[in-house]
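Trainee: Could you take a close look at one part of this model and describe how it is put together?

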Amino acid sequence: MKKVLFTETVLRDANQSLIATRMPIEAFEPILETMDKAGYYSVECWGGATFDSCMRYLNEDPWERLRRIKAKMPNTKLQMLLRGQNLLGYKHYPDDVVRKFVERSVANGIDVIRIFDALNDIRNIEVAVDETLKNGAIASGAISYTTSPVHTLEKYAQLCADMKSMGVQTICIKDMAGVMTPAESYDLVSAIKDKVDVPIVLHTHCTTGMAFMTYLKGVEAGADIIDTATSCLSGGTSQPATETLYHALEQLGYETGLKEEVINAVNNHFKKYSEECLQSGLLDPKVLKTDTNALNYKIPGGMLSNLISQLKQQNAIERLDEVLAETPRVREDLGYPPLVTPMSQMVGVQAATNVLLGERYKSIGKEVKAYLRGEYGRAPGEVNAELEQKVLGEGGKPMECRFADTLEPIFEKTKAELGSRAKCDEDVLSYISFPQVAEKFFADREKGAERPVKYKIELIG
Ligand code: CO
């Protein structure tokens, strides 16, 4: 029988995409033992923005959250999202920190680490993959999905072959903007399957309305695992619904391993919470709608709203059309980086600057300069030579090595500096990741500060 397995994203990506990662542990801890019996391939529950959000907004220790999830879900693989050499942030960390972070993540309960690099420069995922494997966890290499003249099926398939040689056990096609069409999904999964024998995971968002079709065509082409969210927190900027895909695929003859009554019970639990989020305004009905702008403008929805607010601030909203026309030109000049954070901001700001100053690259952003120096990794395609020369000087070349190769180890030094403020190595990692946020979190913890009352709402009943 054909098989398709499910990764449930309600605790991480659905939480992050719909309600700004504000779900406190009280909202889901009571259902974890039930979730443990659902038959998911894995539950994505950690990493991404959850780590920062736990400390910044919820007065929760992210490591403690992970241990509590593990205690209630001993039989399900717990999954996290890791931005390669950037860990959970946007700057490059030295290798000693990357290794320590991965090691402690696995030690505290993580079983599967999905690792990606925004530019698909696999040198930036190598250390994290290696350490994941050393610690006996599953490394899933992810492609940051985008389309451009240089992102061909052959190049994607080769990238997957390279990741497979690195030792990853699964490969995820990660479509963060929800722009992958059913035809693209079918063709890409087929191209990868032709080249590499590796389980393929599909990850997308419902933003543009493509997701269900994209999954179905991907599954027809041989995709093995799909990312879905329990129905009451699915759709819109979140993933497609778990129960819907369960019914559709079972009827088509796929074995999913899911238990229908359990996934229904999971949804019943989160229904009350999602209603509360709607009432409090935390869940804005707008994000649940289908928005096809990303298909029309070829830029992700989040980037478009950023551009609009940026232009409004500068009283230049009437120039939006010009900026939207300039955006793909800047992207081309930079060698077609995927429009994901931080490249989406970089390209958007530069396009707006080019239009508003009336001369292209009259002023060049500091991030664009760092990008051209190669500090983010290799550009996917050729960079505009004139622009490169303008930034790097006559005959200047971007760095050959990984940026992380230029960084000194900092873990032990930071640990010594923190002294008794850090109670364990996990605290040191929290501090290295988000210094100010962690500092405040440690101070509140020292004072025995109460968690905000609003988290103690009677969600548990
Ligand atoms: Co996502």
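Mentor: The cobalt ion has Asp13 (OD), His203 (NE2) and His205 (NE2) as its protein donors, lying 2.1 Å from it; donors are N, O and S atoms within 2.8 Å of the metal (3.2 Å for Na, K and Ca), and sites may look incomplete, as water is not among the atoms. This is a predicted model in which local features need pLDDT of at least 70 and side-chain atom pairs pLDDT 80 or more, while totals for chains, interfaces and linings use all residues. Residues are numbered from 1 along each chain as its sequence is written, and side-chain values use heavy atoms, without hydrogens or water. The donor spacing in sequence is D-x189-H-x1-H. His203 and His205 are both buried (under 20% relative accessible area, with exposed over 50% and partly exposed in between; 1.4 Å probe, protein chains only).

Turning to the helices (DSSP runs of H or I, at least four residues, numbered from the N terminus), the axes of H9 (residues 211-220) and H10 come within 12 Å and cross at roughly 40°; axes are fitted to C-alpha atoms over the stretch in contact, with angles from 0 to 180 degrees between N-to-C directions. Phe212, Tyr215, Leu216 and Val219 of H9 meet Thr244, Leu245 and Leu249 of H10 (contact: heavy atoms within 4.5 Å).

On H10 (residues 242-251), the partner is also H11 (residues 260-280): their axes come within 10 Å and cross at roughly 160°. H10 and H11 are therefore roughly antiparallel, a label for angles over 145 degrees. Here Thr242, Glu243, Tyr246 and His247 in H10 contact Glu260, Ile263, Asn264 and Asn267 in H11.

Notes: Helices (H or I, at least four residues) and strands (E, at least two) are DSSP runs, numbered from the N terminus. Angles under 35 degrees count as roughly parallel, over 145 as roughly antiparallel, 65 to 115 as roughly perpendicular and the rest as oblique.
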